[in-house]
Every structure is written in C-alpha cells, then in structure tokens.
Amino acid sequence: MSAVTLSNPSSSYYTSSTDYKPVKLSPLNLTNLPKLAPTEEGKRLAAYAAVDANISDSSKVIGIGSGSTVPYVVERIVQQGAALNEERVFIPTGFQSKELIVKNNLVLGDVDQYPTIDVTIDGADEVDNNLNAVKGGGACHLREKVLAEAAKIFVIVADERKNSKLLGTSWTQGVPIEVAPFAYAKVLKNVAKLGSTKPALRMGIKKAGPVVTDNGNFLIDAPFGESYYRDPKELLMRIKMLTGVVEVGLFCGMAKAAYFGYSNGSVLIRSADGTISEQSSI
Ligand SMILES: O=C(CO)[C@H](O)[C@H](O)COP(=O)(O)O
C-alpha cells in the first residue's frame with residue numbers, strides 16, 4: 001500500500017467545518033498485508049489505527065464490539081503477540097465477538113466479572129460530527145452500550161460510509177430499539193406518537209418471525225425526521241422513557257474518538273475534544 005496524504009480534502013467530504021485543519025499523525029506501517037477490496041481496506045485501516053493508538057501494554061481488560069470492522073480489531077490485537085494477550089481478558093458484545101475471541105485463542109470474560117473495562121472498541125452504523133452514533137444494526141446494542149459505558153476508553157471504528165454530519169443521513173432504517181417481546185405492539189404505537197415515521201418490528205431473514213436478540217428480546221427500527229437527529233440525546237431520552245424499551249441504539253457522548261478508514265489509504269480520527277487528525281499508511 002502506498003503512502004497517501006490527503007493534502008487538500010474537501011471540507012464537506014469529512015466534516016461540516018469549513019476550517020478543516022487536521023493534525024497529521026505519523027503514517028501507519030502496513031507493508032506486506034494482503035490487498036483487500038476498497039471498503040474492506042478502509043475497515044482494516046480504521047481498526048488497526050484504533051488498536052495501535054488505544055490498546056497498550058497496560059490494557060488488560062478489553063471490550064470487543066460487533067460488526068464487520070471488528071474482525072480487523074481482533075486481528076491487530078493478535079498481532080501484538082501471545083505474551084501480551086495471555087495477560088488480557090476480552091469481553092464480547094455478542095455472539096459474533098464471542099466467536100472471534102474464542103477462535104483467536106484469547107481469554108474470554110464477561111462484564112459481570114469485569115465491570116470496569118480498560119478499552120472497548122466497537123463498530124457503528126453511523127456517526128455524526130459530535131461523535132453521537134447509531135448502533136444496533138446487528139442487534140447487539142444493549143450489550144454494546146453496557147460495554148461502552150463500562151470502558152474507561154470507548155472508541156468507534158468504521159469505514160468512510162459511516163462518517164456523517166447528522167445521524168439519519170446514510171442510516172435511514174431508523175433508530176434500533178430493543179424491546180421486551182410482549183410489549184412490542186405498545187412500543188410501536190408509542191414511538192409513532194413520539195414522531196417516528198413507520199416504525200417496524202425487525203423481521204428475520206431465513207427465519208419466519210421477528211429477530212430475537214442475544215438477550216431474548218425483539219427489535220423495533222424507528223425512523224425519525226431530520227429535526228429529531230439534531231438533538232440525538234433528547235431523542236434517546238424520550239424513547240428510553242417508554243415502558244417496554246430495554247435499550248436504544250443511540251450512543252450519545254460516549255465515544256472518546258471515532259476512526260474512519262478511507263479506501264484511499266488514510267484514516268480520519270475525530271476526537272471528543274474536537275481534534276480532527278489524519279493518518280496515512282505505507
Ligand atoms: O452496532 C452494531 C451491532 O449492533 C454494529 O457495530 C454496527 O451494526 C456496524 O456493523 P457493520 O460494521 O457490520 O456495518
């Protein structure tokens with residue numbers, strides 16, 4: 001992979017800010033890695049950059065999130081070496097990440113044993129300019145939120161398609177809401193009253209009937225108009241107050257940073273303190 005520096009990125013490409021002045025970080029050295037399709041390349045870049053910057057020798061309890069970018073997170077952690085990883089415990093956010101941990105011979109733990117996690121790295125469906133995220137496209141957001149909240153450092157990794165100014169721009173299927181099964185019809189009515197356009201029970205593919213989460217619950221996808229996404233925290237609180245709702249896939253004010261991998265070989269890093277950094281790769 002050749003070194004790419006985005007010398008003059010269009011501001012709207014990355015951020016709504018017109019005075020886009022990224023801090024340039026030293027390049028990621030990724031020589032001798034197999035070539036991937038462009039989007040996969042972006043996911044791998046984001047994951048590797050996030051692991052390198054956030055998982056150090058002193059990170060002993062690590063939360064592993066869900067989604068298509070997370071296998072690259074585990075791949076990079078494994079590359080840190082068996083000696084370091086033998087001293088670590090890995091906490092999964094669901095079936096997929098549990099499998100990743102076990103198949104890579106990492107030590108499996110759970111959040112009830114380790115209610116304080118050093119670092120959790122997770123994917124997202126969409127992230128806005130203020131690091132608010134929609135999660136739950138993979139139906140794991142209850143455990144994901146517990147692990148994000150338990151973590152001293154919570155970091156999001158994704159490819160460039162997830163980088164938005166405002167939630168609801170690219171992720172149009174709505175806010176994922178985990179609900180107690182017997183209450184789903186009532187919650188559907190009540191999210192509609194809150195202003196959701198066409199909320200729907202998420203149905204299984206290759207399974208008759210609704211998606212059932214790892215916690216035995218159902219999911220509602222509740223789309224909202226643009227104005228609601230301008231204050232995602234308010235929207236989160238209003239949905240969370242509905243009786244029967246177990247957890248809402250809006251993560252507000254939780255992430256320390258989001259790493260977006262671009263198919264041109266660069267990573268954009270948005271931090272909670274407002275810093276925007278850019279890392280190329282060689
Ligand atoms: O929140 C999630 C699961 O609940 C995932 O992190 C999110 O859906 C991203 O998945 P992918 O990388 O496969 O698009």
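R230 and E226 form a salt bridge, with the closest N and O atoms 2.2 Å apart. Keep in mind that this is a predicted model. R230 is exposed, at 56% relative accessible area. E226 is partly exposed, at 49%.

How many salt bridges does a search of the whole structure find? The search returns 16. Let me take two more of them.

One is K60 with E87, where the closest N and O atoms are 2.9 Å apart. K60 sits in the loop between α2 (38-54) and β2 (61-64), and E87 in the loop between α4 (82-86) and β3 (89-92), so this pair ties together parts 27 residues apart in sequence. Buried or exposed? E87 is exposed, with 51% relative accessible area. K60 counts as partly exposed because its relative accessibility is 28%.

The other is K135 with D122, at 3.1 Å between the closest N and O atoms. This pair links distant parts of the chain, 13 residues apart: K135 is in the loop between β6 and α6, and D122 is in strand β4, residues 117-122. Here K135 is buried, with a relative accessible area of 2%. D122 is buried too, at 0%.

Now the domains. The domain assignment gives domain 1 as 38-165 plus 252-280, and domain 2 as 175-249. Their contact takes 16 residues from domain 1 and 16 residues from domain 2. The C-alpha centres of the two domains lie 24 Å apart.

How much area do domain 1 and domain 2 bury between them? About 1200 Å², with 61% of it on carbon and sulfur atoms.

On the polar side, the count between the domains is eight residue pairs in polar contact, both residues at pLDDT 80 or more. Which elements give two or more residues to the side of domain 1 that touches domain 2? They are β6 (133-134) and α6 (141-150). Helix α6 supplies the largest share of that side, four residues. By type, the residues of that side of domain 1 divide into six nonpolar, six polar and four charged.

Across this interface the rule finds one salt bridge. E247 and K145 form a salt bridge, with the closest N and O atoms 3.1 Å apart.

Next, two helices. Helix α7 covers residues 184-194, and its buried residues are V187, L188, N190, V191 and L194. What do the buried residues of α7 pack against? Their partners are the strands β8 (175-179), β9 (200-201), β10 (218-222) and β11 (245-248), plus α8 (226-229) and α9 (232-240). Just after α7, G195 takes a positive phi of about 125°.

Helix α3, residues 70-79, has V70, Y72, V73, V74, R76 and I77 as its buried residues.

Last stop, S281. This serine lies in strand β15, residues 276-281. S281 is buried, with a relative accessible area of 0%. Where does the side chain of S281 reach? To the backbone oxygen of G265, at 2.7 Å.

To recap: one salt bridge across the domain interface, and 16 in the whole structure. That's my list. Over to you for discussion.

Technical notes: Residues numbered from 1 in each chain as written. Predicted model: local features only at pLDDT ≥ 70, side-chain atom pairs only at ≥ 80, totals over all residues. Heavy atoms only, no water. Domains from an automatic or database assignment. Contact = heavy atoms within 4.5 Å. Buried area = accessible area lost by both parts, 1.4 Å probe. Salt bridge = Lys/Arg side-chain N within 4 Å of Asp/Glu carboxyl O. Polar contact = N/O pair within 3.5 Å; in protein donor to acceptor, adjacent residues only side chain to side chain. Nonpolar A, V, L, I, M, F, W, Y, C, P; charged D, E, K, R; others polar. Buried < 20%, exposed > 50% of the residue type's maximum accessible area, 1.4 Å probe, protein only.
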